[in-house]
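Visitor: Hi! I'm new to this one, could you walk me through it?
Guide: Happy to, let's have a look together.

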Amino acid sequence: MRVTMVGTGYVGLVSGACFADFGHQVICVDKDVGKIDRLHQGIMPIFEPGLEDLVESNVKAGRLSFTTDLSEAVKDADTVFIAVGTPSRRGDGHADLSYVEQAAREIAEHMRGYTVVVNKSTVPVGTGDLVQSIMAEVNPTGDFSVVSNPEFLREGAAIGDFKRPDRVVVGTEDERARQVMRELYRPLFLNETPILFTDRRTSELIKYAANAFLAVKIAYINEMADLCEQVGANVQEVARGIGLDNRIGKKFLNAGPGYGGSCFPKDTLALMRTAQEAHAPVTIVEATVASNTNRKKRMASKIIEACGGDVSGKTIGILGLTFKPNTDDMRDSPSLDIVPALLAAGARIQAYDPEGMEEAKKELTGIEMVEGPYSVAENADALVILTEWDQFRALDFERLSRQMKQPVMVDLRNIYNPDDLRQNGFTYVSIGRK
Ligand code: NAD
């Protein structure tokens, strides 16, 4: 099938490369000329494990190409995916649909023949109707269907998630479009991946309901961690003790500094708005958002406390800046709350992230980026683990403490055993554990 991706970001590029790998003929379009130029040179605009090889092999095989020319990319396509950003709209938290609307207009203008337009961007309930009406207005004689097909991939594990998803959700009541979607996902269907066909509105809501549920789970275990600290219990064992119950499940029960990233913060806000407007408020999600926002703010105080109550003039070493490992994505990362608060308290910051430093430089000013975890430790009064990259999991404690002014570690991801650190002379503070 001929597939066009409008938007070549984390979702568009990964999905495009994976569809090409399934054997479809894929063109990825983006209006960012620099991004497409880099892709033409074989340079990935994002860091995602395995992506470079996947793109290279499919480009070589002639199944994947890149362009800034939407009209060329759309005119012969069987399916056109909208995979553009839907950030939070300033002021009210609603999803900003301007990129989706723009893409719908441009697709309508240039499509020829029957085209299935698939919304892969995360969009509020009713956006499919909006896209349909925009397209019908721009191209009243156009033959097209608008389908919802939300994406559930996780950055850092995106290719595996796309190729072996827990499920694929397709929202359309149109049988012709359903056939096209079935054909598109046939390689997964053969793999026995559950493919849930539903109506468009339900499909749109499934995505928000899933992300909000996961955000609730994280906020829940984080509050349990606070309680553990007060009553002398261990949150990791609480998580294990509840997670072994199949009704609860083990995943998403790691206490930490609060969720961030390109999806949960904006999607929970957008769901809140939709629910408020529909007079069916999701108060559990509202509480989750408030809990998470406060938590991110409180993390700086936790670090300052571990440094004796004052960080003025002290050097704090930060390990990890991205919102999670194996990505360079800095969107809504907890580091964007924690680092500025430490700077405001008078600390000097030296930081290292394996993949996120280029992005971080755009967002965080007044900090020194250094190369590697041991440079972060150099003359530091405290070391803070903000992101659980694998390369931070087996650091040489002796070497760290030789380089630090004083051996203090604040581990906001609970990647170390408290006894190991303490036996090596560290003052060690973690989340929800003694
Ligand atoms: P992104 O910002 O990485 O990529 C969006 C791209 O779209 C940008 O490169 C931008 O230049 C391009 N674009 C915008 N308007 C365009 C237009 N009219 N024509 C051509 N290109 C255009 O965003 P992303 O992280 O890939 O997210 C895309 C959507 O997928 C969002 O709705 C997001 O919520 C959803 N989503 C993201 C993830 C994730 O992990 N990042 C996971 C699931 C769903």
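Guide: Let's start inside: helix H10 (residues 200-231) contributes most to the lining of the largest cavity, with 3 residues. Helices here are DSSP runs of H or I with at least four residues, numbered from the N terminus. This is a predicted model, where local features need pLDDT of at least 70 and side-chain atom pairs count only at pLDDT 80 or more, while totals for chains, interfaces and linings use all residues. Residues are numbered from 1 along each chain as its sequence is written, and side-chain values use heavy atoms, leaving out hydrogens and water.

Visitor: What volume does the largest cavity have?
Guide: About 40 Å³. On a 1 Å grid over the protein atoms alone, a cavity is a set of points where a 1.4 Å probe fits but cannot get out, and lining residues have an atom within 4 Å of a point. The volume is the space filled by probe spheres set on the points, which are joined across faces, edges and corners.

Visitor: And which residues line the largest cavity?
Guide: Among them are Asn-119, Thr-122, Ser-203 and Lys-207.

Visitor: Switching topic, which residues are closest to the ligand?
Guide: Asp-30, Lys-35, Thr-86, Glu-155 and Lys-266 are the closest of the 26 residues that surround the ligand.

Visitor: Why does the ligand lie between domain 1 and domain 2?
Guide: Because domain 1 (2-198) and domain 2 (208-290) both give residues to the shell around the ligand. Those bounds come from an automatic or database domain assignment.

Visitor: What about the second largest pocket, how much space is in there?
Guide: About 230 Å³. A pocket is an open set of grid points with protein on both sides within 12 Å along at least five of seven lines. H13 (283-306) supplies the largest share of the lining, 7 residues.

Visitor: Which domains is that second largest pocket between?
Guide: Domain 2 (208-290) and domain 3 (300-429), since both give residues to its lining.

Notes: Near = heavy atom within 4 Å. Helix = DSSP H or I, 4+ residues; strand = E, 2+ residues; numbered from the N terminus.
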